[in-house]
Amino acid sequence: MTRSSTWKVARAVAAKDLRIEMRSRVVTNQVVPFAGLVMVMFAFALDNDTVLERVSGGLIWLATLFSLFILVQRSFAIDTADGALDSLRVAGVSPAGIFVGKAITLMIELLLLELTLTAAAIVLYRVDLRPSSLVVLVTCMIWATAGLAFVGTLYGGLAAGMRGRETLLPLLLLPVVAPVLIGATKATEAAFRINGVAPSDGWPWIGLLAVFAVVFGVVGLSAFGALIEE
Amino acid sequence: MKDATFIFLTYGLTIGVLVALVVVTLRRGSALARQVADQDKPWL
Amino acid sequence: MSIDYTIDHIATPDAVAGVGTKTSRGIGLLALGVMTWVVVSGLFLTPADKNQGDSVRIMYIHVPTAWIAYLAFIVTGAASLIVLIKKKPALGFDRVAGASAEVGVMFMALTLISGSLWGRLTWGEFWAWDPRLTTTAFMFVTYIGYLAVRNLGGSQQQRAKRSAVLAALAVLQIPLVHFSVVLWRSLHQSASILSVDGDIKMDGLMLFTLFTGVIGFTLTFIWLVMHRSRLMLMRGVIEDRGLEAAIRERQRDTAGASQ
């Protein structure tokens, strides 16, 4: 498969998934509110303004991870419901293209989610976000999201069509995304200047996130085909 | 022996679990071996 | 398949009712002997440590089980890589990967428990967020996920390939997790690497017991993996036989119906 056809497939898959989302509005009407609710629940559970502000970085990414499972399930439920994934595979469509396409969709949905959650943190937890921290925050989000999207698509493909995948996917994904949780939390805390940390302290953590994303991006491209095969 | 409870607990648990695993493996082995013909067993 | 498994329950009345071979029996007996000696030595023959007292005796359990847990993980990873590389379905290696994972999970659970109890005696805490412990806990959960995937698959070939990819991913993910946790903990000044075995002065017998403990547990591991992969093979034969019988039933039905 040539590079251009992989990319063409990716664009087609992403466009299809996004069109479905725009019609059904599941992410905007269900997943984002769910994540927002999780942020509110954290406030009830922790019940302390100082503590909340201090752990806000971690809470944003925890809420993101919980929503990740739902997003990944949805991404593959769309295709396995009518055997669409199988038809794509049998038709000889580039698996790498499917991987990239689905990852792109997931990434867009995740970014939307994270922006909402950050806004919630600013409002609910009184996080202090200054313009000078935006570069760190945005870079962190991009690399963390890329990593989550690649890993989510990869494991989603593995669990696709298996019985019990709703309970299996979180079990498989959580250990894998731990580095993202650690890195993104630390980088976000740096951006929010929590505990006297400066935004520039976030860069090493963004480095960790970038390594993670690159590793799973490359692995996903090669392994995805083997996974959806019969 | 000081802290004897924890120490014996650790040894007991470990050896116990391993023995149990061995016993279960042997039992299941005999049960299955009776159902499979000898020529399908590559180790024989 | 060469045998006509039309009788459901007992294939041949005089099939060998056991899974052992000379090799596996030898390994098993050796393991039994070595382990007995290790337990006796660990509990009664070796001296208590100057700093830790008797709690050091847990070391003879904890260190070998940790070693085997990591070994099992590597075996599963290596066997899975072979499954992925070979063009023809390498079901034998898939069975080794699965058996090693089953045994590995057991050993990892024992490692975590013995480590926890040892930590309680030496540091006063059942748990610490030290990188080695945390990574081991992660490996444990990863393995459990791997076993769950193995139990939900379709055909043997599908299962083999899926599990193999998962195992390969696990080999990739564990170092990443470990590295992240090391970075994470390096921020906390108080966390010097809390290794339970850091301050122990080992005399000759202690070292020897530890060494033979590793050997004994390794032999046990090998025996268990040999037997459990044979179990898997037999289950596979029975499963295939069940499928073939069902297909033959279907053919007989359609043949009968068309008459």
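Modeller: Let us begin with A:Leu71, which has its place in helix H3 (residues 49–80) of chain A; helices here are DSSP runs of H or I with at least four residues, strands are runs of E with at least two, and both are numbered from the N terminus. This is a predicted model, in which local features need pLDDT of at least 70 and side-chain atom pairs count only at pLDDT 80 or more, while totals for chains, interfaces and linings use all residues. Residues are numbered from 1 along each chain as its sequence is written, and chains are lettered from A and ligands numbered from 1 in the order in which they are written.

Biologist: Why does A:Leu71 count as buried?

Modeller: A residue is buried if 20 or more other C-beta atoms, placed from the backbone, lie within 10 Å of its own, exposed if 12 or fewer do, and partly exposed in between; A:Leu71 has 21 C-beta neighbours inside 10 Å and therefore counts as buried.

Biologist: Which residues is A:Leu71 in contact with, leaving aside its neighbours within four places in sequence?

Modeller: Taking contact to mean that the C-beta atoms of two residues, placed from the backbone, lie within 7 Å, A:Leu71 is in contact with A:Val27, A:Val31, A:Leu106, A:Glu109 and A:Leu110. The C-alpha atoms of A:Leu71 and A:Gly156 are separated by 9.7 Å, although these residues are 85 residues apart along the chain.

Biologist: What makes H6(A) roughly antiparallel to H7(A)?

Modeller: The axes of helix H6 (residues 134–159) and helix H7 (residues 165–191) of chain A come within 10 Å and cross at roughly 170°, which makes H6(A) roughly antiparallel to H7(A), since angles over 145 degrees count as roughly antiparallel, under 35 as roughly parallel, 65 to 115 as roughly perpendicular and the rest as oblique. The axes are lines fitted to C-alpha atoms over the stretch in contact, with angles running from 0 to 180 degrees between N-to-C directions. The residues of this contact divide into 19 nonpolar, five polar and one charged, where Ala, Val, Leu, Ile, Met, Phe, Trp, Tyr, Cys and Pro count as nonpolar, Asp, Glu, Lys and Arg as charged, and the others, Gly among them, as polar.

Biologist: How many residues of chain B are in contact with chain C?

Modeller: There are 29 residues of chain B in contact with 38 residues of chain C, and the chain B side has 16 nonpolar, seven polar and six charged residues. Chain B contains one helix and zero strands, and buried residues make up 27% of its 44 residues.
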